[in-house]
Amino acid sequence: MDFFHGQEALTIIQWILRAIVSYFFLLFAAKIMGQRAISQLRLLDFLIALIIGNILAHPLSDEQLGLKGPLITTAVLVLLYIFCIFLSLKWGKLRSFFENSPFPLIENGQIVYKSLAKARISIDFLLSELRKEKIEDIQKVALALWEPGGTISFFLNTQYEAVTPADLELVTKTFSFPRTIIKEGKIDFSELTRIGKDEEWLKNRIKTAYSEDVYDILLATIDNNDTVKIFLYK
C-alpha cells in the first residue's frame, strides 16, 4: 500500500496502482452522485466536477503527494454534494440559489436582448440553436426559454405547429414500444419472461418468419402484437 503515500519516487507498478484506484474510485463516486451529475452540468454539478478533478489530478502526476488524503477529501465532497442536492429538493430557496428559474430569450417572435446578456450567450449561439430545431424564422417562435441546464426550449406559434391526429379527431392505435429480446446474438431472457414468452417460442418464431439462427442476429425486437423484427450483421 506504499503507493497511497507521498514518496520521493514511485515505481511503474505504483503509478499504475494509483491510476487504477483513482479510476474505480471516480466511477464509484459518479455512480453515487447519480445520472444528473453526468447528463447535465448545472452550478453545483460544475463545481463538484471541477474540484474533484483537481484534487485527484495532482497525486496522479506528483509522486510526493499521497493518494489517501485526496480520496478522503473526494469522498467528503461527494457526500456534501448529495446532501446539498437533497436539501435543494426539499427547500425551495436553496434550490433557487443553485438553479435559476427559466427566463425568456424570445417572446412573441421578438428577441429579448437583455436576456441574452443575462444568459451570457450571443445572437450567433441563439441562431445556431434555432437551426438545430429547424426553425428558420424567429417570428414563428412564440416563446424560447433559457433553462437552468444551459439549454433552450422553443415553443412555436400555434399556426406553425405540426397537425396531430388529435387536431383532426382521428382514431389512433395504442402506443407500442418495441422491446429488445436479442442483442448481438444473445437472448435477453429477463425481457422474454416479462412479456410471457420463452426461448423455444422465440426460436420457432424466428425460424418460421426469417429462417435465421439467434447467433446470426444483431438485434431483434418485439411489439405488443408479438411481431418480431430482426436486424442481421452486415
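Hi everyone, let's start at Lys134, which sits in the loop between helix 7 and strand 3. A quick word on those names: helices (H or I, at least four residues) and strands (E, at least two) are DSSP runs, numbered from the N terminus. This is a predicted model, where local features need pLDDT of at least 70 and side-chain atom pairs count only at pLDDT 80 or more, while totals for chains, interfaces and linings use all residues. Residues are numbered from 1 along each chain as its sequence is written, and side-chain values use heavy atoms, with hydrogens and water left out.

Back to our lysine. Lys134 has a phi near 60 degrees, a positive value in a residue other than glycine. Is Lys134 buried or exposed? With 72% relative accessibility, Lys134 counts as exposed. Here, buried means under 20% relative accessible area, exposed means over 50%, and partly exposed is in between (1.4 Å probe, protein chains only).

The loop between helix 7 and strand 3 also holds Lys140. The side chains of Lys140 and Glu136 are joined by a polar contact of 2.3 Å. By polar contact I mean a pair of N or O atoms within 3.5 Å; within protein, one must be able to donate a hydrogen and the other to accept it, and residues adjacent in sequence count only if both atoms are side-chain atoms. Leaving aside neighbours within four places in sequence, Lys140 is in contact (heavy atoms within 4.5 Å) with Leu156, Asn157 and Tyr160.

Which order do its four strands have? The sheet is open, its order is 2-1-3-4, and the pairing is antiparallel. Strand 2 (110-111) and strand 4 (152-156) stand at the edges with a single partner strand each, so one side of each has no neighbour in the sheet. Two strands pair if DSSP finds at least two bridges between them. In general, strands of a sheet pair through backbone hydrogen bonds.

Let's follow some bridges. Strand 1 (residues 103-107) pairs with strand 3 (residues 141-146) over four bridges, in the antiparallel sense. Phe103 has Trp146 as its bridge partner in strand 3, and Pro104 has Leu145. On the strand 4 side, Leu145 stands opposite Ser153. Strands 3 and 4 pair over five bridges, again antiparallel, and they form a hairpin with five residues between them. In that turn, Gly150 has a positive phi of about 90 degrees.

The loop between strand 1 and strand 2 is the place of Asn108. Asn108 is a residue other than glycine with a positive phi, near 50 degrees. Asn108 is exposed, at 64% relative accessible area.

What lies across the sheet strands? Helix 7 (residues 123-132) lies across strands 1, 2, 3 and 4, at about 60 degrees to strand 4. That angle is between N-to-C directions, on a scale from 0 to 180 degrees, with axes as lines fitted to C-alpha atoms, for helices over the stretch in contact.

Last stop, the largest nonpolar core: of its 14 residues, Leu105, Leu126, Ile152 and Phe154 touch the most other members. A nonpolar core is a set of buried Ala, Val, Leu, Ile, Met, Phe, Trp, Tyr and Cys residues joined through side-chain atoms within 4.5 Å. At least two core residues come from each of strand 1, helix 6 (113-119), helix 7, strand 3 and strand 4. Not counting residues up to four places away in sequence, Ile152 touches several residues, including Leu105, Phe125, Leu126 and Ala144.
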